[in-house]
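Hi,

Here is the structure I said I would pass on.

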Amino acid sequence: MKPVIKQDNKRRIAIVFAVMCLVLLLLTFKIAVIQIVKAEEYTEKAIAQQTKDTIIEPKRGIIYDRNGKELATSVICYALWIRPADINTDYDEAKRGEMAEAFAPILEMESQKIKELFMKEQALVCVSKYLTKEQAKAIRDLKYKGVELVEGTRRYYPLGNFASQLLGSVNDENVGRTGIELQYDQYLKGVAGRWVKNTDLTGNELVGGTESYFEQQDGLNVVLTIDEAVQYYAEKAISDALEKTKASRIMCLIMNPKTGEILANAVTPGYDPNSPYSVSKKDKKKYDKMDNTEKTAYLSKMWKNPIVSDTYEPGSTFKLITASAAIEERAVKPGDTFVCNGSFRVADYVLHCWTSGAHGVQTLKEAVGNSCNPAMAAVAKRLGKTRMHKYIDLFGITEKTGIDYPGEASAIIQSLANTGPVELATIGYGQGISLTPIQLLTACNAIGNKGVLVEPHYVKGLADGSGKLVQEYEPKIVRKVISNKTAEDMKEIMEYVVAKGGGGNAKIPGYRIGGKTGTANKVENGVYGHNYYSSFLGMVPVNDPELSILVIVDSPKTSIYGSVVAAPIAKEILQDLMRYMNISPEYTSEEQAALKGENTKVPNVIGKDYAEAAGILGGAGLRINKPDSVAQDENFIVVDQYPKAGSKVRKNSIVYVYGD
C-alpha cells in the first residue's frame with residue numbers, strides 16, 4: 001500500500017525546491033559576476049596581494065667643487081613600509097591602536113594618521129621616509145608584523161650654510177627644489193630600480209611564482225666651477241661686513257673673466273639646506289604669524305640666489321660700460337676733458353652730480369675716477385642713444401646671460417623709442433637701468449678679456465661614480481664687444497680709479513688692481529627711498545686679469561658709499577686670494593719704501609668730496625673720520641684736513657676731514 005502524501009507536504013517540498021533553485025540561480029549569477037564581469041578587478045586584487053613590489057632608490061649624485069670637495073652628498077637613511085592586509089589580519093582594532101601609539105613618537109607623526117594608513121587597500125604603504133639609524137632600530141625593537149624597513153638615502157650638505165643659495169635643496173621626494181639641485185636634477189637623481197616577486201600573505205615567495213629585478217641607476221655627479229676656498233674667503237668677509245655695516249644683505253661674485261667660470265657665489269644671510277624650512281631666530285615670531293601664502297613668499301626669497309634672480313640699479317659701476325662704448329665708437333678719447341659744475345640741465349630737468357661740490361675740469365680717466373655724473377652724461381650724449389643701446393645689447397645686458405641656473409631675471413631697460421635726453425643722461429651714469437649682478441660682472445669681464453664676452457657658468461662637468469668626466473662644459477665665447485685697444489684703455493682707467501681715485505680702499509701693495517665703486521639709490525615700492533646699493537667691481541692683476549670681483553652691499557646703515565663700504569670688503573677677499581693662488585706681489589719702488597717703514601705720507605684730499613677722499617686715504621693705508629654732525633648718507637667737499645697733506649704718520653692712523 002503506497003504512502004499517502006498530504007497536500008501540505010507537497011507544497012512545502014515545492015517551496016523548498018523553488019528556494020533551492022533560486023539560491024542556486026543567485027549563486028550562479030554571483031559566480032558569473034565574479035568570474036566574468038569583475039574578473040579583471042579581482043585578478044588585479046589577487047595579483048596585488050600576491051605581489052611584493054619593492055622600489056630600490058638610486059643614490060643621488062654628489063655635488064663637488066672644482067677640486068673634488070663634497071658640497072652636497074647622500075647619506076643612508078631608512079623608509080618605513082607597512083602591509084595593511086597583514087596588519088589587519090594579525091591584529092584587532094585595539095592592537096592596531098596600540099601599534100600606532102607606539103610608532104607615533106618615533107616617527108614624530110600623529111597616531112590617528114598612522115591608523116588611517118593601516119586601512120589603505122594597498123599591498124604596500126609608505127609611512128615615513130628619511131628615518132635615522134636610531135629610529136629604524138627603535139621600530140625593529142617593537143617587533144610588529146607587517147612592517148618593513150627599506151634602506152635608502154637622503155640629501156646631506158656637510159658644510160651646512162655654505163653656498164646655500166647656489167646649491168639649493170631637495171624636497172621630501174629627494175627631487176631638486178632650487179639652485180643647482182633643481183637645474184641639474186635630471187642628471188643627479190638617477191633612475192629607481194624595482195624588485196618584483198610573487199608572495200603569500202605572510203610575505204613568503206610562492207612556489208612557481210615569478211620574480212623580476214631591475215637594477216637602479218645612480219645619478220651622475222656634478223662638478224662645479226666653484227672653488228671651496230675662494231667661496232670660504234668670500235663668505236667670511238661678507239659675514240663679518242654684515243655685522244659691521246648693519247646691511248640687509250651682502251653679495252659677492254667672483255669669476256675668471258677669460259673663461260666665464262664662477263669661482264664664488266656668496267650671499268649673506270643664507271640658510272641651512274639640511275633644514276630648509278628653519279627660519280632665523282630674528283624672523284621666527286614674524287614667520288609664525290604669517291599665512292601660507294606669506295610663508296611661501298618668505299621661503300622663496302630666503303632660498304633664491306639674488307646674484308642671478310634679482311635686479312638692481314648698478315650706479316657708477318655702469319660707467320665702465322658707458323666709457324667703453326664711447327671710446328670704441330671714438331665718440332670720446334681718454335684724454336678728452338669735461339667740466340663738472342655740480343649740476344647740469346638736460347631738457348627741462350636739472351640733474352646733479354653725486355657730490356655736493358663740483359669736480360671742475362677733468363679728463364675722462366679722472367671723470368671715471370671721480371665717478372662724475374655730469375661728465376658721464378656728456379659722454380653718453382656724444383655717444384647718442386642709438387649707439388648707447390647698441391653697446392648695451394653687445395655687452396649682453398638686453399638678454400639673459402644663459403647662466404646654467406634656474407630663475408635668471410632679465411634687465412629692465414628703457415626701449416630705444418622711449419629713451420629721451422634725460423633717460424640717456426641717467427643711463428650714462430648707471431641710473432634708470434636695472435640689471436642682475438651676474439649680467440654686470442659678465443659684461444665688464446669683456447674689458448679684462450681683450451674685449452671678448454664669455455658666457456658665465458657654474459658647472460664644469462658631469463662625472464660618473466669613478467670620478468671620470470662624462471660631460472665637460474667648455475667656455476663659450478659669445479662675441480667680440482670692443483677692440484683690444486679699447487680694453488687696454490679701460491683697464492688703465494680702472495687701475496687709476498684704485499691707485500689714485502675713489503677706489504683706493506681696494507688697493508693692495510704689490511698688486512695691480514683695477515676697479516670701480518658705485519653708490520646707487522635703491523628703488524623701493526616704485527620710488528627712490530632712503531636706502532642704497534653700495535658696490536665695488538674689480539679685476540686683478542688688471543694688466544692680465546685672472547680674477548674679477550663684484551661686491552654689493554644692500555642698504556648699509558653705517559656709510560652708504562661704495563668706496564667706504566664695499567671696496568674694503570673686496571680688498572680683504574683679494575688679499576686672501578692672492579696668498580691662496582700663490583700670486584707673488586711685485587712692488588714699485590714707492591711701495592717698497594712704504595713697506596720698510598711704519599709711517600706713511602698723508603695725501604692731500606682738500607677739494608675732494610668725502611667718498612673720494614675716503615678712497616684716496618684708504619689707498620695710503622689711512623682711515624678717515626667724518627664729523628658727527630654729518631649724516632651717513634650726506635656727502636660734502638673737504639675744505640680742511642688733519643694731519644695736513646705731506647705729513648708723515650703711522651699707518652692706519654686717522655685723518656680728520658672737515659666740510660663747510
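Below is what I found, starting with how the values were made.

This is a predicted model, in which local features need pLDDT of at least 70 and side-chain atom pairs count only at pLDDT 80 or more, while totals for chains, interfaces and linings use all residues. Residues are numbered from 1 along each chain as its sequence is written, and side-chain values use heavy atoms, with hydrogens and water left out.

Let me begin with the salt bridges. There are 29 of them in the structure, taking a salt bridge as a side-chain nitrogen of Lys or Arg within 4 Å of a carboxyl oxygen of Asp or Glu. The one between Arg66 and Glu261 has an N to O distance of 3.3 Å. That pair links distant parts of the chain, 195 residues apart: Arg66 sits in the loop between β2 (63–64) and β3 (70–82), and Glu261 in the loop between β9 (249–255) and β10 (262–268). Helices here are DSSP runs of H or I with at least four residues, strands are runs of E with at least two, and both are numbered from the N terminus. On accessibility, buried means under 20% relative accessible area, exposed means over 50%, and partly exposed is in between (1.4 Å probe, protein chains only). Glu261 is buried because its relative accessibility is 10%, whereas Arg66 counts as partly exposed at 25%.

Two other salt bridges lie within helices. Lys236 and Asp240 pair with their closest N and O atoms 3.5 Å apart. They are four residues apart in helix α10 (residues 228–245), so about one helical turn separates them. Asp240 is partly exposed at 32% relative accessible area, and Lys236 is partly exposed too, at 38%. In helix α11 (residues 284–288), Lys284 and Asp288 are also four residues apart, so about one helical turn lies between them. Their side chains meet at 2.9 Å, N to O. Asp288 has a relative accessible area of 44%, which makes it partly exposed, and Lys284 is partly exposed at 40%.

There is also a network of salt bridges, which links Arg249, Lys304, Asp310, Lys522 and Asp554. Two of those names come back in the cavity: Arg249 and Asp310 are part of the lining of the largest cavity, along with Met251, Pro306, Thr311, Tyr312, Pro437 and Tyr533.

How many cavities of 30 Å³ or more does the structure hold? One, and the largest cavity has a volume of about 30 Å³. On a 1 Å grid over the protein atoms alone, a cavity is a set of points where a 1.4 Å probe fits but cannot get out; a pocket is an open set with protein on both sides within 12 Å along at least five of seven lines; lining residues have an atom within 4 Å of a point. Grid points are joined across faces, edges and corners, and a volume is the space filled by probe spheres set on the points. The cavity lining divides into five nonpolar, one polar and two charged residues, with Ala, Val, Leu, Ile, Met, Phe, Trp, Tyr, Cys and Pro counted as nonpolar, Asp, Glu, Lys and Arg as charged, and the others, Gly among them, as polar.

The second largest pocket has a volume of about 820 Å³. It is lined by 27 residues, and Ser248, Pro269, Lys282, Asp283 and Tyr298 are the closest to its centre. β10 and α12 (292–303) are the elements that give two or more residues to this lining, and α12 gives the most, with three. By class, the pocket lining has nine nonpolar, eight polar and 10 charged residues.

Pro269 lies in the loop between β10 and α11. The bond from Val540 to Pro541 is cis as well, with omega near -20 degrees, and Pro541 is in the loop between β20 (527–540) and β21 (547–554). Lys246 is not a glycine, yet has a positive phi of about 60 degrees; its place is the loop between α10 and β9. Lys246 is exposed, at 52% relative accessibility.

Best wishes
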